Amino acid sequence: MSNSSSITQFLLLAFADTQELQLLHFWLFLAIYLAALLGNGLIIAVVACNHHLHTPMYFFLLNLSVLDLGSISTTVPKSMANSLWDTRAISYTGCAAQVFFLPFLMSAEYYLLTVMAYDRYVAICKPLHYGTLLGSRACGHMAAAAWGSGFLTAVLNTAHTLTIPLCQGNALDQFFCEIPQILKLSCSHSHVREFVVLVVSVCLVFGCFVFIVVSYVQIFRAVLRIPSQQGRHKAFSTCLPHLAVVSLFLSTSMVACLKPPSISSPSLDLVVAVLYSVVPPAVNPLIYSMRNQELKESIRKVISWMFVNIYKLSITLYK
């Protein structure tokens, strides 16, 4: 957007034409956003405060919740504000922030899910070496690598997007500043940089995908060799939440990336964007806590503690 000194704002796609439907969108997104805040916030609080959950799996889960909170907070609050105030505008700076932070957080989440696949592989296939291979220092390095790789991916994509000249107006067919929508406004005929960025991104994504698939092939082979049915069930139960989150993340992302241009339309693009950017951060806490008794019990204790303290505070204020 190097030539866009004249562009001070962009116009985002509205969810509806009438104020009533805009308000409906506001309340719907507010409910989803509060659910994401509550679910991920509880996981962060529980893992941080409960020393029994200071294990590699929960450490990575805490990082996943932080990334989910960041990604949904990048797009949803601005969309809610636009619907509430019946406007489509987003400032140039706000758009640039979305262009950077959403790829950063979503890329980091994908790399973190790859690391979590390795965690599950070691736990199932090499349990005797789990403490050695996944010590606190190793976990810290792997989490930092996921965040750092996401940062570098975002810098690469953002630097490319923010330096292309725009000459097709300032209206985006999306409810946030999505990079493909901004590229549609480009008047540049040089596709060399786009090709380089695409090749690097595809190589990283495909490499992580292969790693996850290979890890789960080894996990399933190891689980099927466990003689007792109870042991197989327990092993599968530790992997199912991660596998469900990975499947949700990859399926929604693939729909967004591989959707044929012939069937593309603003309304369909809007639905697909909601599926990959809004739904996973709100659903991931539910997936991880649904079958995890230890996490559910810890969350129940935190909620009980909160209600007791709120009750005591209300009694104190009333007196």
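How do the residues of the lining of the second largest cavity divide into nonpolar, polar and charged? They divide into five nonpolar, two polar and two charged; Ala, Val, Leu, Ile, Met, Phe, Trp, Tyr, Cys and Pro count as nonpolar, Asp, Glu, Lys and Arg as charged, and the others, Gly among them, as polar.

The model is predicted, with pLDDT of at least 70 needed for local features and 80 or more for side-chain atom pairs, while totals for chains, interfaces and linings use all residues. Residues are numbered from 1 along each chain as its sequence is written, and side-chain values use heavy atoms, with hydrogens and water left out.

**View A. The second largest cavity, with a volume of about 50 Å³.** A cavity is a set of points, on a 1 Å grid over the protein atoms alone, where a 1.4 Å probe fits but cannot get out; lining residues have an atom within 4 Å of a point. A volume is the space filled by probe spheres set on the points, which are joined across faces, edges and corners. The lining consists of D68, S71, M106, E109, F249, Y276, S277, P280 and P281. At least two of the lining residues come from each of α2, α3, α9 (266–277) and α10 (279–290). Helices are DSSP runs (H or I, at least four residues), numbered from the N terminus.

**View B. The largest cavity, with a volume of about 90 Å³.** The structure holds two cavities of 30 Å³ or more. Residues lining the largest cavity include L12, F15, H25, N82, R88 and F175. Its lining divides into five nonpolar, six polar and one charged. Helix α2 gives the most to this lining, with three residues.

**View C. The second largest pocket, holding about 540 Å³ of space.** A pocket is an open set of points with protein on both sides within 12 Å along at least five of seven lines. Of the 23 lining residues, M57, R120, K234, S237 and T238 lie nearest the centre of the pocket. Helix α8 gives the most to the lining, with seven residues. The lining residues divide into 10 nonpolar, eight polar and five charged.

**View D. The crossing of helix α1 (residues 19–49) and helix α2 (residues 56–84).** The axes, lines fitted to C-alpha atoms over the stretch in contact, come within 9 Å and cross at roughly 160 degrees, on a scale from 0 to 180 degrees between N-to-C directions. The two helices are therefore roughly antiparallel (angles over 145 degrees). The residues of their contact divide into 22 nonpolar, nine polar and one charged.

Methods:
Angles under 35 degrees count as roughly parallel, over 145 as roughly antiparallel, 65 to 115 as roughly perpendicular and the rest as oblique.
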